[in-house]
Amino acid sequence: MRIGVDFGGTNIKAALVNGAAVGAHVTVPTNAASGPESVLDAIAQAVGSLGATAGQVGVAIPGEVNDAGVCYRLPNVPGFAAYPLRDALQRRLGCPVAIENDATAAALAEQKFGWGTKYRSFLLVTLGTGIGGGFVLDGILRRGRGGFAGEIGHVLVDSGPGAWVCGCGLRGCLEAYAGTAGLLRMDRQAGGDAAEVRDIVNAGGQRAQRLFEFLGRALGVGLGRLNNALDLDALIFTGGVAASLDGIMPHLRRHLAEHSYSPALADIALHTSALGEHAGVIGAAWLGSA
Ligand SMILES: [Zn+2]
């Protein structure tokens with residue numbers, strides 16, 4: 001039995017994991033505004049409430065961590081810039097801790113138990129507030145020099161003078177369009193007033209179609225250009241709006257083709273994640289096992 005923790009900006013989920021199966025699990029609020037000490041206490045409390053021990057606890061975080069276990073920053077959780085997260089958690093939990101970016105951890109789960117059993121090279125794309133990613137290339141999970149591999153949200157998809165500003169401060173990033181704020185902005189500009197992306201999907205009809213077309217274009221441009229350099233077997237999508245992949249697909253295919261260097265590159269498989277909402281916690285539990 002392994003223990004995985006999915007440390008999100010809103011909730012912390014801790015779970016017992018056996019293979020790809022999630023057993024007992026608990027979800028507690030992150031209370032991000034209460035500061036690092038309180039957040040770490042919440043993680044320790046969630047793990048403790050599972051009533052089990054493990055040789056290691058794996059933690060997936062919505063940010064990046066270096067090989068020394070120091071996190072650069074967590075954009076949605078204040079106080080974690082240059083924070084020695086691994087040491088702090090090992091002290092609290094009393095056992096070794098492995099930490100990884102959440103999308104990279106989800107890619108590890110997909111590699112071991114999902115589409116990775118079919119494809120050797122794929123990019124797992126997380127669609128949500130931000131756009132994240134995890135790479136498996138030629139059968140190897142890639143975290144890069146400092147854990148940033150797969151940070152695909154900031155590839156350029158619009159270089160025009162009116163390109164939208166991204167949360168990172170750059171203009172024209174994929175995330176500025178395909179992230180939640182970008183999708184809601186597009187809807188507002190077309191006369192909508194949705195508070196959540198799923199409201200637009202649920203509205204159906206032209207309004208949902210407009211969303212699928214807009215998202216398909218942003219993803220097709222960004223991921224098509226990335227794939228020219230990577231030559232992947234598959235793109236795997238996860239996150240709320242990934243459930244609408246069938247509607248997005250024709251637009252995504254068209255723009256992937258337009259931005260592919262060769263027709264062979266455009267012939268890439270597109271799927272939703274085989275593991276769904278538990279991918280992060282499963283990948284966290286299996287960190288270090290690849
Ligand atoms: Zn950006």
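In what order do the five strands form an open sheet? The views below come from a predicted model, in which local features need pLDDT of at least 70, side-chain atom pairs count only at pLDDT 80 or more, and totals for chains, interfaces and linings use all residues. Residues are numbered from 1 along each chain as its sequence is written.

**View 1. The open sheet.** The order is S3-S2-S1-S4-S7, with mixed pairing. Strands S3 (21–29) and S7 (97–101) stand at the edges with a single partner strand each, so one side of each lacks a neighbour in the sheet. Neighbouring strands are turned by 20° against each other on average, direction ignored. Strands (E, at least two residues) and helices (H or I, at least four) are DSSP runs, numbered from the N terminus. Two strands pair if DSSP finds at least two bridges between them.

**View 2. Strands S2 and S3.** S2 (residues 11–18) pairs with S3 in the antiparallel sense over seven bridges. Lysine 13 stands opposite threonine 27 in S3.

**View 3. The largest nonpolar core.** This set holds 83 residues. Such a core joins buried Ala, Val, Leu, Ile, Met, Phe, Trp, Tyr and Cys residues through C-beta atoms within 7 Å; buried means 20 or more other C-beta atoms within 10 Å of a residue's own, with C-beta atoms placed from the backbone. Among the residues touching the most other members are Val5, Phe122 and Leu235. Helix H7 (residues 205–230) gives the largest share, eight residues.

**View 4. Around leucine 235.** Leaving aside neighbours within four places in sequence, leucine 235 is in contact with Phe122, Leu123, Val125, Leu223, Ile268 and Leu270. Contact means C-beta atoms, placed from the backbone, within 7 Å.

Methods
Axes fitted to C-alpha atoms, helices over the stretch in contact; angles between N-to-C directions. Buried ≥ 20, exposed ≤ 12 C-beta atoms within 10 Å, placed from the backbone. Contact = placed C-beta atoms within 7 Å.
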